[in-house]
Amino acid sequence: MKLITFTTLISTVPLLLLGIFAFFQSTSTVQTKVNEANVFMLQQSQSRVEQILKVIDQLAVRFAETPLVSSSVAKQLAIEDFKDIDSLVKGLQGMQTYELGVRDVELHSLWNGWYIKERGFFFGKDPAADVDVSQLGYNTGWKPEMKEGSAGIRLVRVIPTTGAEPMGYLSVRMSNAELAKLLAKGFSSGETMILDDKMNIIVSSDDKRVGQSVLSESWVKDMQHADKTKGYMNVTSKDKSSSVVYNQSRYNNWTYVSFIPLEETKQESALIGWVTLTACVLLLLLAALLSYWGSKRMYFPVRSLLEVTMRQGQPAGIGKAVKDEFQWIGSHLATLHESKEQLEDKMKIQSSQLVDYFMLKLFQGELYRHELEEKAGQFHITSWHRYAVLVIQIDTLAQTRYETQEQDLLLFAINNIAAELIPPPRRIHAMPIGNYQVTLVGSDADHHADLLSELSALAEAVQRAVEEFLGLKISVGVSRPYEQIYATPQAFLEAKEALQYRLRLGEKAILHLGDLKPRQASGHYYPHHLASELTQAVAFLDEEVAEALLKQFIQEVLQVENDPNLYRIAFAMLLTDLTKAIYEMGGTEELFAQDHRNKYEQLFHLKTPQEIEIWFHKQMIRPMMELTRKRHESSGKSISRSVIDLIHENYDSELTLEQCALRLNYSTHYIRRMFRKETGMNFSDYLAGYRHDKAKSWLSETSMKITEIAERLRYTNAQNFIRHFRKLEGMTPGQYREQKNELN
């Protein structure tokens, strides 16, 4: 009996103390939990409001940057432009959606004096407009409007968004009533409000307080002195105690505030007190009955749990002195719970990055099959009957408004376009990898032809959108369809391989590997005769012939269905032949001195036949011709001088321009053009004039017969010579000789 009495006493005192402690602790905990719950609800309301405002802002910027808006604001619209006006009105109406709560959208042209408002088009300046034109160069985001009957917030975006001087602006209004719908009331009946940066009430669950300033209220000063962006405090206002929860937004510097009446928490505390008292009484009775038996049995599992936690080390927040085992174990559990919450928060923030990382490993084949199945379920990847990989690559940035260093940004833009045009769940994931934009799509098509048609339609839609919005030509490589998602790495390689067939098909191609890859290679083909003729045309400086031969060479190589690597080998052999010709000319150092990359490396990076043709013409053929021309000019004798020397030496033979070109190692076309440029006359005219001068010299200085002179000067007969001589001198050769003899 003494043992039972002693055990009952030592159990009664702790139970009473525990009950009292639990009552006060639970009362404090209830208030803390209510505050934390309202903090969470306030953050949810803030997130919901800012998400809507950001979406409206993005829609406004996207609409303001469209070509239709930019071009329309810059010109004077008339009634005849009703189609453009109707498109602008519809675009503004599209932003006034019920889900976003946009009340009024206006478009004003500052340069041309017109505006669109309330679904109507007006000329002149809006008399109700209150936008400061001098400040339009600064887009400061959402601003409150405290007008009678139209209190709300307003967003102004200038057009163009990146210009130095605004041509117009887009105005979006949202009423306080719509903002109030986004505010969650939380777990209490208190007031929730939004304050601007000047501490004026923008939105409140109490409509009467909208527009009022709260700077005079004591809790505002306490909040400002706290120098924190979020938190909660207890205040007393009008004989009422409340807990104030606040959170300042980084997006627009607004402050979200929620008031919690402490009476609600006191009611909960009273209920907890009765429950605690009842529990303590029951526990006392139970302790009196089972204290003896329970004191021996209850400690064994506690000891086991304590030993487990002690092996994990001392938990955070626990000093050297530990009151009891439960404190130690509870601290371990609290630390574990806190770590779990922190991990969950990070997972929520970085979920998109985790999905990108998972898909990157999937495309690169770095996942085991069991790991893939586990992660696919974790990231909620939809299962499909068949899958396919689409790989997009920019054909060329030449002759576009973009620079090479902007390629990464362009890939992100293309990725956004592909993600919008291929909506989930059909689009499993889209992301840029290296120089490619990669999209994994799924389909339930039963027939292979239907699936290929579906994939082609998606690729064509992306091609059109990229060309329309970015002005770029892209090609799309499509893998063979497959049924198991773990085959995605092989499909990714197949799609990239399909893009290599642009060497044969050119730009803006949609390339299905299953249709392109030959079952058996046709063997290497290299048109040696065309390569030889091309080298000779370059040596003869005949640019037109060289250009035609280059185009024919590329066409003949690509008309054979083959592996793309064999095409590159053929072009590399042509580059070798041209380089050999340069080496024989002795101009290798002069031609290759400015290259920072190897010519073969440059050639292997080209994607289309057009790029290859332009590259050979600019990088090899034209520089080789310039080098050849410089070599000839540096020899000390011009083209025309060499031709004239040949005429003077061979005037009495059947000399032709073609013979001169062959002797001088130039093309006939080049010889004809250069001779006329340097002498001012044709080859035939100069040859005929020189022969005529020789005829006059022989007639005046020698006794050669006229028939002999005609024969030496290659006339078919003497009559032709006499007729030609009379035409030039106005007399026959005989009369010319007599005249010269008389003068002598």
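Author: Start with pairing: two strands pair if DSSP finds at least two bridges between them. In this predicted model, five strands form an open sheet in the order S13-S14-S12-S15-S16. The pairing is mixed.

Reader: What makes S13 and S16 stand at the edges?

Author: Count partners. Strand S13 (427–433) and strand S16 (510–512) each have a single partner strand, so one side of each lacks a neighbour in the sheet. From one strand to the next, the twist averages 20°.

Reader: How do you know that S15 and S16 pair?

Author: Three bridges join strand S15 (residues 474–478) to S16. The cut-off is at least two bridges, so they count as a pair. These strands run parallel. Val-478 faces His-512 in S16.

Reader: Which strands does helix H11 lie across?

Author: Helix H11 (residues 407–421) lies across strand S12 (386–394), S13, strand S14 (436–443) and S15. Its direction is at about 175° to S13.

Reader: Why is Pro-481 called partly exposed?

Author: Its relative accessibility is 23%. Buried means under 20%, exposed means over 50%. The value falls in between, so Pro-481 counts as partly exposed. Pro-481 sits in the loop between S15 and helix H13 (488–499).

Reader: What does Pro-481 contact, leaving aside neighbours within four places in sequence?

Author: Arg-386, Tyr-387, His-448, Leu-451 and Leu-452. Gly-442 is 39 residues from Pro-481 in sequence, and the two are 9.3 Å apart in space, C-alpha to C-alpha.

Reader: On to the six-strand sheet. What is its strand order, and which strands stand at its edges?

Author: The order is S3-S2-S1-S6-S5-S4, in an open sheet with antiparallel pairing. Strand S3 (120–123) and strand S4 (142–145) are the edges. Each has a single partner strand, so one side of each is left without a neighbour in the sheet. Direction ignored, neighbouring strands of this sheet are turned by 20° against each other on average.

Reader: How many bridges join S2 to S3?

Author: Four bridges join strand S2 (residues 114–117) to S3, and the two run antiparallel. Trp-114 stands opposite Phe-123 in S3. Helix H3 (residues 82–95) packs on this sheet, touching strand S1 (102–109), S2, S3 and strand S6 (168–175). The direction of H3 makes about 150° with that of S1.

Reader: Why is S5 called largely enclosed?

Author: Eight of the eight residues of strand S5 (residues 152–159) are buried, so the rest of the structure largely encloses it. Buried means under 20% relative accessible area. Four bridges join S4 to S5, with Trp-142 opposite Leu-155 in S5. Eight bridges join S5 to S6, and Ile-159 has Gly-168 in S6 as its bridge partner. Both pairs of strands run antiparallel.

Definitions and conventions:
Residues numbered from 1 in each chain as written. Predicted model: local features only at pLDDT ≥ 70, side-chain atom pairs only at ≥ 80, totals over all residues. Heavy atoms only, no water. Axes fitted to C-alpha atoms, helices over the stretch in contact; angles between N-to-C directions. Contact = heavy atoms within 4.5 Å. Buried < 20%, exposed > 50% of the residue type's maximum accessible area, 1.4 Å probe, protein only.
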